[in-house]
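I opened my notebook to see what one protein model could tell me. Here is the structure I had on screen.

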Amino acid sequence: MSVDTTAVETVNQAFYTAIENADLDRMTEIWAEDLEGEQVSCVHPGWPIINGRQEVLRSWALIMANTPYIQFVLTDVNVMVLGDVAILTCEENILTAGDEGDSSFAAGKVVASNTFVRTSGGWRLWLHHGSPVLQGEDDEEEEAA
């Protein structure tokens with residue numbers, strides 16, 4: 001594994017840890033700065049695309065403020081480094097708390113593409129795109145087998 005691949009995986013893990021810990025300061029460090037004419041972007045599952053660093057960070061602040069508990073277990077992590085850009089794909093296996101006062105948990109799966117750019121400060125997140133994996137009857141039959 002290359003030094004760049006390891007560094008990208010480390011920043012990617014820090015991204016998910018920041019979400020789990022509702023650490024907006026750390027999240028702010030992880031995202032790249034907008035460049036002239038080019039903005040960072042984020043697609044949360046079921047949301048329209050969000051462009052611009054301020055708007056992206058505002059969306060994370062909103063999610064963190066309204067998520068009492070979330071845990072990610074990442075699987076099928078793949079990294080491809082192309083010069084100063086790295087693309088990481090993974091499956092987010094997510095466990096979240098139920099409604100307030102409820103002791104239940106909900107589980108779900110999201111496939112994610114995270115694009116990182118190399119900066120003078122290290123690798124920074126440029127694009128996060130998460131798409132929910134819908135469980136259909138075929139999936140339930142496979143799990144029962």
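The entries below follow the order in which I looked things up.

**Entry: ground rules**

I am working with a predicted model, where local features need pLDDT of at least 70, side-chain atom pairs count only at pLDDT 80 or more, and totals for chains, interfaces and linings use all residues. I number residues from 1 along each chain as its sequence is written, and side-chain values use heavy atoms, with hydrogens and water left out.

**Entry: overall layout**

I began with the helices and strands, which are DSSP runs numbered from the N terminus (helices are H or I, at least four residues; strands are E, at least two). I found four helices and six strands in the protein. Along the sequence I read the pattern α-α-β-β-α-β-β-β-β-α.

Next I looked at the dimensions. The C-alpha atoms fill a box of roughly 50 × 35 × 25 Å along the principal axes. I also looked up the radius of gyration, taken over C-alpha atoms, with a globule rule of 2.2 Å times the number of residues to the power 0.38. For 145 residues a compact globule would come out near 15 Å, and the protein's 16 Å agrees with that.

I noted how much is hidden, where buried means under 20% relative accessible area, exposed over 50%, and partly exposed in between (1.4 Å probe, protein chains only). Of the 145 residues, 32% count as buried.

Then I turned to contacts, meaning heavy atoms within 4.5 Å. Among contacts with a separation of 6 or more, 47% join residues 24 or more positions apart.

**Entry: the cysteines**

How many disulfides does the structure hold? I found zero, counting as a disulfide a pair of cysteine sulfur atoms within 2.5 Å. Cys42 is in no disulfide, and the nearest cysteine sulfur, that of Cys90, is 13 Å away. Seen from Cys90, the closest cysteine sulfur is in Cys42, and 13 Å is too far for a bond. I noted that Cys42 counts as buried because its relative accessibility is 0%. Cys90 also counts as buried, at 4%.

**Entry: the largest pocket**

I reminded myself that rolling a probe the size of a water molecule over the atoms shows where empty space is left. A pocket here is found on a 1 Å grid over the protein atoms alone: an open set of points where a 1.4 Å probe fits, with protein on both sides within 12 Å along at least five of seven lines; lining residues have an atom within 4 Å of a point. Grid points are joined across faces, edges and corners, and the volume is the space filled by probe spheres set on the points.

The largest pocket holds about 420 Å³ of space. It is lined by 22 residues, and the closest to its centre are Pro45, Ile70, Phe72, Ile94 and Val110. Which element gives the largest share of the lining? I found that β5 does, with five residues. Elements that each supply at least two lining residues include α1 (3-20), α3 (53-65) and β3 (70-82).

I sorted the lining by type (Ala, Val, Leu, Ile, Met, Phe, Trp, Tyr, Cys and Pro are nonpolar; Asp, Glu, Lys and Arg are charged; the others, Gly among them, are polar). The lining divides into 14 nonpolar, six polar and two charged residues.

**Entry: Ile70**

Is Ile70 buried or exposed? At 15% relative accessibility, Ile70 counts as buried. Leaving aside neighbours within four places in sequence, Ile70 is in contact with Ile19, Glu20, Ile94, Leu95 and Thr96.

I found His44 in the loop between β1 (41-43) and β2 (50-51), and His44 counts as buried at 3%. Beyond residues up to four places away, His44 touches Ile50, Ser59, Trp60, Ile63 and Gly130.

Asn12 is in helix α1 and counts as buried at 2%. Asn12 and Leu88 are 76 residues apart in sequence, yet 8.1 Å apart in space, C-alpha to C-alpha.

**Entry: positive phi**

Most residues other than glycine have a negative phi. I noted Ala22, which has a positive phi of about 50° although it is not a glycine. Ala22 sits in the loop between α1 and α2 (24-30) and counts as partly exposed at 41%. Asp76 also has a positive phi, near 50°. I found Asp76 in strand β3, where it counts as exposed at 52%.
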